[in-house]
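Take a look at the model first, then read on.

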Amino acid sequence: MKNRKLINIRLSDDGAAVIIIDQTALPNETKYITLRTAEEMYEAIYSLRVRGAPAIGIFAAYALFVLATQIKTDDYEIFLAEMSKQSKYLNSSRPTAVNLETQLKRMTDMVEGMSNAPVTQIIEAMRAKADDIYNEDVNMCKKISEQGLALIKDGYGIMTQCNAGPLATSKYGTGLGPIILGHERGMKLHAYINETRPLLQGARLTSYELCELGIDCTLICDNMASIVMSEGKIDAVFAGCDRIAANGDVANKIGTSGLAILAKHYGIPFYIFGPSTTIDMNCPTGADIEIELRSPDEIKEMFYAKPMAPKSVSCYNPSFDVTPNALITAIITENGKFQQNL
Ligand code: MRU
């Protein structure tokens, strides 16, 4: 159970930096990096050194606190203007996961409500708020995992997408939470992990987390999902989410909607797990969710010893897709199971 001890996001002891596990170095190396400047923090989110919707929200809250300590003024208006600028900058690092925006807004809303307080007191309150956001996520993940446990039985085969485990959150995870909790309670479960091209969060991170915990798992390439389902190995698909629209459409890692279509074809329940902080009631449907487009290099060469496609070939690299609500059996949050389709 080694990786239970890993803390993926924390403040340095002097509160002057955020320390994270660099997820791009996993599974080969457990490397902690210390981030002090706004540029380093932006880069860490953009490059997926810290990733997963809840984790980037938690990280951004701590990052904004650290940046606030660097603002050298006692004047509230100057402090607010500078802090809001940093918040906007961090928020522009990735567009799809709503948690980034939500947690930054919770921090800035609090500061806006403290116009009569001294700046030093506001900064202390920001630190406490970031801790609250972290602890709140721990509680939500635990409750989500308990809810998910009620959906599975001993011996289940569960297909996973991307990484929705402890690294992507605070603890336990969302989509992986029930599998981890079930294992802790002695259940025999088997995870089928989609590698999740192009950035391989399934291969690099989900495999790592489950192997470290001693949970039975098998890694497959994304294009093997259909055959594995057709062979009767999968009893349920568990995925996380980056933004849940008001109508129940869900944005998650690219490939998720394809799995939902396959699951429907094979009559397999398809569940989305996420904290209520991932619900965006200002977003009417999945069509209103901005999908992040990323570099062609991720497809052509990033994880290869040498490029695996001609330099001149053009690529389309959407990082997320939207699963329509009609394909989702239920969405599970810390508040319960929202049945969509049986
Ligand atoms: O691009 P990533 O790795 O940040 O994408 C993450 C996902 O799609 C996760 O499934 C989602 O954020 C849920 S994490 C609990």
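## Around the ligand

Let's start with Gly 52: one of its backbone N or O atoms lies 3.1 Å from an oxygen atom of the ligand. That makes a polar contact, meaning a pair of N or O atoms within 3.5 Å; within protein, one must be able to donate a hydrogen and the other to accept it, and residues adjacent in sequence count only if both atoms are side-chain atoms. Ala 53 has a polar backbone atom 2.8 Å from a ligand oxygen, while Arg 51 brings a polar side-chain atom to 2.4 Å from an oxygen atom of the ligand. On its own the ligand would expose 420 Å², and the protein buries 99% of that (areas by the Shrake-Rupley method with a 1.4 Å probe; for residues, only the protein chains shown count as cover).

Which residues come nearest to the ligand, out of the 19 around it? They are Arg 51, Arg 94, Asp 242, Asn 252 and Lys 253, where being around the ligand takes a heavy atom within 4 Å of it.

## How to read the model

This is a predicted model, so local features need pLDDT of at least 70 and side-chain atom pairs count only at pLDDT 80 or more, while totals for chains, interfaces and linings use all residues. Residues are numbered from 1 along each chain as its sequence is written, and side-chain values use heavy atoms, with hydrogens and water left out.

## Two buried spots

Asp 22 sits in the loop between β2 (18-21) and β3 (32-35). Is Asp 22 buried or exposed? Its relative accessible area is 1%, so it's buried (under 20%; exposed is over 50%, partly exposed in between, with a 1.4 Å probe and protein chains only). Its side chain makes a polar contact with the side chain of Arg 49, at 3.0 Å.

Ile 193 belongs to strand β5 (residues 190-194) and is buried too, at 0%. Its C-alpha is 5.9 Å from that of Met 159, 34 residues apart along the chain.

Most residues other than glycine have a negative phi, and most peptide bonds are trans. Leu 48, not a glycine, has a positive phi of about 65 degrees. Leu 200 also has a positive phi, about 60 degrees.

The bond joining Leu 26 and Pro 27 is cis, with omega about 10 degrees. Another cis bond runs from Arg 197 to Pro 198, with omega near 0 degrees.

Technical notes: Helices (H or I, at least four residues) and strands (E, at least two) are DSSP runs, numbered from the N terminus.
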